[in-house]
Amino acid sequence: DKAKVNAEYKKALANLLPQAQLSFSRSSGKRSFLGNQIPADINGQSLSMHQALFNGPSWFALEREKQHKAAAALTYSSHMQALMGEAAVSYLNLIRDHEQNQASKALMINAQQHLKHAGILYQNGSLTKADKLQATAQYQQSLSNHLQSKAALKSSQHDLYRLTQHYYPSV
């Protein structure tokens with residue numbers, strides 16, 4: 001997680017910065033002034049700073065966090081590259097399935113017209129029943145192929161949507 005890595009890095013860096021302490025105290029009491037006791041407020045303030053010359057564990061922790069941060073950035077970049085590659089492949093599959101769907105639709109329309117023509121020829125006696133049944137089988141096969149290509153196109157659309165969260169109804 002990128003935020004966690006950044007937080008750990010900042011924490012490791014903070015251990016190397018100077019440490020400051022500020023304190024303030026206030027008290028009331030009596031002071032002696034020329035033999036007389038006079039009420040007085042006494043304020044105290046102090047500021048202290050501490051910086052170690054070399055804090056080995058903190059330096060090593062900072063270096064470790066730098067390496068973790070760099071590794072996290074590389075991992076993130078790698079995941080993004082993989083996602084872009086998957087999206088590109090998915091888009092190309094969508095284009096391929098769209099083209100196959102268009103081709104299967106054209107073949108189905110052609111087979112439907114051939115079946116219609118074969119029906120007319122069969123009624124006129126110019127075509128045998130076997131030829132008409134073969135034309136019917138070709139149409140049914142082309143219809144089946146077209147339905148399969150439509151299903152493949154829908155699947156490709158869904159795969160691309162899963163990766164991009166954007167629906168592409170047409171290519």
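By class, the lining of the largest pocket comprises 4 nonpolar, 3 polar and 3 charged residues. In this classification, Ala, Val, Leu, Ile, Met, Phe, Trp, Tyr, Cys and Pro count as nonpolar, Asp, Glu, Lys and Arg as charged, and the others, Gly among them, as polar. The structure is a predicted model, in which local features need pLDDT of at least 70 and side-chain atom pairs count only at pLDDT 80 or more, while totals for chains, interfaces and linings use all residues. Residues are numbered from 1 along each chain as its sequence is written, and side-chain values use heavy atoms, with hydrogens and water left out.

The pocket itself has a volume of about 200 Å³. A pocket is defined on a 1 Å grid over the protein atoms alone, as an open set of points where a 1.4 Å probe fits, with protein on both sides within 12 Å along at least five of seven lines; lining residues have an atom within 4 Å of a point. Grid points are joined across faces, edges and corners, and the volume is the space filled by probe spheres set on the points. The lining consists of Asp 1, Lys 2, Val 5, Asn 6, Lys 69, Ala 72, Ala 73, Thr 75, Tyr 76 and His 79. Helix 1 (2-14) and helix 2 are the elements that give two or more residues to this lining. Helix 2 gives the most, with 6 residues.

These elements belong to a protein with 3 helices and 2 strands. Helices (H or I, at least four residues) and strands (E, at least two) are DSSP runs, numbered from the N terminus. Read along the sequence, the elements follow the pattern α-β-β-α-α. Of the 171 residues in the protein, 18% are buried. Here, buried means under 20% relative accessible area, exposed means over 50%, and partly exposed lies in between, with a 1.4 Å probe and protein chains only.

Ala 72, one of the residues lining the pocket, lies in helix 2 and is partly exposed at 26% relative accessibility. Ala 72 and Asp 1 are 71 residues apart in sequence, and their C-alpha atoms are 7.7 Å apart. Gly 56, also in helix 2, is buried at 10% relative accessibility. Leu 160 is found in helix 3 and is buried, at 2% relative accessibility.

The charged side chains may be considered next. Side chains of opposite charge can pair when their charged atoms come close. A salt bridge is a side-chain nitrogen of Lys or Arg within 4 Å of a carboxyl oxygen of Asp or Glu. A search of the whole structure finds 3 salt bridges. One of them joins Glu 63 and Lys 66, whose closest N and O atoms are 3.5 Å apart. Because Glu 63 and Lys 66 are 3 residues apart in helix 2 (residues 56-124), they are separated by about one helical turn. Glu 63 is partly exposed, with a relative accessible area of 36%, and Lys 66 is partly exposed, with 37%.

Another salt bridge joins the side chains of Arg 64 and Glu 65, at 3.9 Å from N to O. Arg 64 is partly exposed, with a relative accessible area of 42%, whereas Glu 65 is buried, with 7%. Arg 96 and Asp 97 also meet in a salt bridge, at 3.1 Å from N to O. Arg 96 is partly exposed at 43%, whereas Asp 97 is buried at 4%.

The surface also carries a nonpolar patch of about 380 Å², made by Tyr 76, Met 80, Leu 83 and Met 84. In such a patch, residues have over 30% relative accessible area and no salt bridge, and nonpolar side chains (Val, Leu, Ile, Met, Phe, Trp, Tyr) are joined within 5 Å, whereas like charges are joined within 9 Å. Leu 83 is found in helix 2 and is partly exposed at 34% relative accessibility.

Finally, Gln 165 is found in the segment after helix 3 (129-164). Its phi is near 60°, a positive value in a residue other than glycine. Gln 165 is exposed, with a relative accessible area of 54%.

Conventions
Accessible areas come from the Shrake-Rupley method with a 1.4 Å probe; for residues, only the protein chains shown count as cover.
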